[in-house]
Amino acid sequence: MLQILLPGQGRCPKDGGVNNSIHLHLMPRILAIDYGQKRIGVAVTDPLQLIANGLTTVETPKIYSFLAEYFAKEEVETIVVGYPKTLQNQPAEVTKYINTFVGKLRKLYPDKKIELIDERFTSKMAFQTMIDSGINKKARQNKALIDQISATIILQNYLESMHNS
């Protein structure tokens, strides 16, 4: 539990030992994945599950060892995986690889909730975010950064859907 003392509050002789602090309960993180056949973008929430933060980009063959190391350090309750669909709301070509990936995640981590979320347009949104942020043209060609931002957008969309339901 995290305890935040507001200015002028807390336990001190001047206020009679009254504790007016705010108690925040830290929660397990939520991790989001933007799956690609070469690279995987990864994002996580803060411990309060309020903010989506880009974490890293991992080469696809190394994702399972990365997750094992990360889960050993951080408590994660949910894995959100971007699930691409076509404009006709049909599974995209890459979904067969994502289905295999998700199946393996379910076997490796049966204690974790695994959610699939529509990820249409996240790469375009990520690229536009880079432009809007003033990132130069050369840096915008960094596909690993696009994957990480895409994972962050997937996670932010998931958080918004949680708070709106």
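Which strands does helix 5 lie across? I opened my notebook with that one, and I kept in mind that this is a predicted model.

**Entry 1: helix 5**

I found helix 5 lying across strand 3, strand 4, strand 5, strand 6 and strand 7. I noted that it runs at about 40° to strand 4. Next I looked up how far helix 5 reaches. Residues 143-164 make up its 22 residues, and from the first C-alpha to the last I get 31 Å, close to the 32 Å expected. Then I looked for its buried residues. They include Ile146, Ile149, Ile153, Ile154 and Leu155. I was pleased to spot Asp147, Ser150 and Thr152 among the buried ones as well.

In what order do the five strands of the open sheet come? I wrote down 5-4-3-6-7, with mixed pairing. Strand 5 and strand 7 are at the edges and each has a single partner strand, so one side of each has no neighbour in the sheet. On average, neighbouring strands are turned by 25° against each other, direction ignored.

I then walked through some of the pairs:

- Strand 4 (39-45) and strand 5 (52-59) run antiparallel and are joined by seven bridges. Here I see Ile40 opposite Val58 of strand 5.
- Strand 3 (residues 29-34) pairs with strand 6 in the parallel sense over five bridges. Ile30 stands opposite Thr78 in strand 6.
- Strand 6 and strand 7 (residues 113-118) run parallel, with six bridges between them. In strand 7, Ile114 is the bridge partner of Ile79, and Lys113 is the bridge partner of Thr78.

Is strand 6 (residues 76-83) mostly covered or mostly open? I found it mostly covered, as seven of its eight residues are buried.

**Entry 2: the hairpin and Gln49**

I went back to strand 4 and strand 5, which form a hairpin with six residues between them. Which residue in the turn has a positive phi? My answer is Gln49, at about 55°. I stopped here for a moment, because most residues other than glycine have a negative phi. Gln49 is not a glycine, yet its phi is positive.

**Entry 3: helix 2 and its neighbours**

Helix 2 packs on the sheet too, and I see it touching strand 3, strand 4, strand 6 and strand 7. Its direction makes about 170° with that of strand 6.

How do helix 1 and helix 2 cross? For helix 1 (residues 63-73) and helix 2 (residues 95-108), I have axes that come within 12 Å and cross at roughly 35°. The crossing is right-handed.

Last, I listed the residues that meet there. Helix 1 brings Ile63, Tyr64 and Leu67, while helix 2 brings Phe101, Lys104, Leu105 and Leu108. Sorted by class, this contact has six nonpolar residues, no polar ones and one charged one.

Note on methods: Residues numbered from 1 in each chain as written. Predicted model: local features only at pLDDT ≥ 70, side-chain atom pairs only at ≥ 80, totals over all residues. Heavy atoms only, no water. Axes fitted to C-alpha atoms, helices over the stretch in contact; angles between N-to-C directions. Helix = DSSP H or I, 4+ residues; strand = E, 2+ residues; numbered from the N terminus. Left-handed = near helix turned anticlockwise from the far one by under 90°. Contact = heavy atoms within 4.5 Å. Nonpolar A, V, L, I, M, F, W, Y, C, P; charged D, E, K, R; others polar. Expected span 1.5 Å × (residues − 1). Buried < 20%, exposed > 50% of the residue type's maximum accessible area, 1.4 Å probe, protein only. Pairing = 2+ DSSP bridges.
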